[in-house]
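Hi everyone, thanks for coming. Let me put the chain up on the screen, and then we can walk through a few spots together.

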Amino acid sequence: MAANAARHSLDDSCPGKYVSTTGLDYLGYQVAPARWHAGTVTSKTTVKTLLILGASGDLTGRLLLPGLAGLLASGRAPGLRLVGAGSDPWSPEQWQERVHGAFAAASDAADAGDRAALAAVAAATEYHQLDVTADGPLAELLARLEGPIAIYFALPPHISQKACEVLHKDQLPAGTRLVMEKPFGSGTESAHELNKTLAALVPEDHIHRVDHFLGKATVLNILGLRFANRFLEPVWNRDHIEKVEVIFDEDLALEGRARYYDTAGALRDMIQSHLLHIMAFLAIDAPATIEERDLRDAVATVLRASSIKAPYADSTRRARYTTGTLGERTVPDYAAEEGVDPARNTETLAEVRVDIDNWRWKGVPFILRSGKAMGRRRKEAVITFRPVPHLPKGFSGVDSPNQLRIGFGPDVLQLDVDVNGPGDIFTLDRASLVTQLNAAGMLPYGEVLEGILNGDPLLSVRGDTAEDCWRIIEPVLRAWEGGDVPLQEYDAGSAGPADWPTVVED
């Protein structure tokens, strides 16, 4: 009994019952009686104040504020007050200038009423200089703001952790939501500690670990394609699919982000943070509903079955760009970019093979790849089907596996099939059936903020899956740090190292 007492605590809702406090119990995964189960929305309280920590940073100016402007211009956040806080000694005029500049595009496109709503928020906004890691200043600011409050941590993970550690539950107004940017933590252990810290402040359904890459339209396009078409589901498995690739190649270089990117790299920044979730949506079994509990349970099930297997020199690749040309501009060698420490050997292009060890996907490689300074902007999932078992004699020409492509920005669906070509009807040609998918009406961060303000966690990552994403890639990070996988090079503006199987030349 003494040993059990060390690992259990009384459940206040049911005297005399014990619930485990190990594992994922801080997320609500008690055996019984569970006071709250992760994934169940218990409140739809509308947020009154959006507090952005790190308001003077790049993320706020480049993405958060323009996304908020689109949301405000659509009339979906009436009465919201915007407050910024940061370590920089900004004057009220500097903050006003940033907000007005970020709101300009949405204002120009809005009608008179929506333009007035944008102007009202911009006129009433305020900025506070404070050290969010010090005990007291953040709590004092929260006490002066109208609740419910959404606190957006537009900060590095270790700063967000420190800021949460100095807060106490009784210092947060009722209904407070905590919004964390990805990457969530810097590894499995730090993500676990951050989860525990957040769970001591608010319930799991008030924690939003945002993934702006997963726009609502993108998620629903994938789910609609998969589960609303009878002809796809029978072939969506290891018997008919040869491989699945999720590619996110950018035609942008470092663009002044060395302070963050050089400590992250492509594996952490894109594959861990975003592409693993796209993979999971492509691989899940059909949930009972697309409400967040069922959907996020299905995603968690896939990620728990996922791993990158050793030897990592076979299952992973990494590379870094050297000087080259992007469009009409010359890009310097990554190692020579301002703010980069060449000794870190940070990769700007990463590729991994993920295996999902379950009945549906055993043996099918899921190839996730992301790179910077690529000659071709490529953001898509490519599903390659197995070849037909027998092609009747008499046909000639193209005989290659069918592919289904799902584009992410622009959202395009393309099915490549072999058909009888013009002229000789016995010669097969490749044809593509293409259609535009419905795009979101707002910028990705507008969709994210709408979910936060209205308590919809569909585009938020649950605590257990945030930890699982780190579990999947951490062995690779250790192997790379140990030099087990060589750091290759490629010219900026090229398609990447020529020997990579995912390289697609124009």
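Let's begin at Pro-183, which sits in the loop between β7 (177-181) and α7 (188-199); helices here are DSSP runs of H or I with at least four residues, strands are E runs of at least two, and both are numbered from the N terminus. The bond joining Lys-182 to Pro-183 is a cis peptide, with omega about 5°.

A word on the source: this is a predicted model, where local features need pLDDT of at least 70 and side-chain atom pairs count only at pLDDT 80 or more, while totals for chains, interfaces and linings use all residues. Residues are numbered from 1 along each chain as its sequence is written, and side-chain values use heavy atoms, with hydrogens and water left out.

Where is there another cis bond? From Ala-310 to Pro-311, with omega near 0°. Pro-311 lies in the loop between β10 (306-307) and α12 (312-315).

Now for some backbone angles. Asn-345 is not a glycine, yet its phi is positive, near 55°. You'll find Asn-345 in the loop between β13 (329-331) and β14 (349-356). Ala-373, also no glycine, has a positive phi of about 55°, and belongs to the loop between β15 (366-371) and β16 (378-385).

Are these two buried or exposed? Asn-345 is partly exposed at 35% relative accessible area, whereas Ala-373 is buried at 0%. Buried means under 20%, exposed over 50% and partly exposed in between, using a 1.4 Å probe and protein chains only.

On to helix packing. Helix α2 (residues 58-73) and helix α13 (residues 444-454) have axes that come within 7 Å and cross at roughly 70°; axes are lines fitted to C-alpha atoms, for helices over the stretch in contact, and angles run from 0 to 180 degrees between N-to-C directions. That makes α2 roughly perpendicular to α13, a label for angles of 65 to 115 degrees, with under 35 counting as roughly parallel, over 145 as roughly antiparallel and the rest as oblique. Among the α2 residues that meet α13 are Leu-63 and Gly-67, and the α13 side includes Leu-449 and Glu-450; contact means heavy atoms within 4.5 Å.

Compare helix α11 (residues 292-304) and helix α14 (residues 463-481): their axes are 10 Å apart, at an angle of about 20°. α11 and α14 are therefore roughly parallel.

Finally, the whole chain has 14 helices and 21 strands, and 51% of its 506 residues count as buried.
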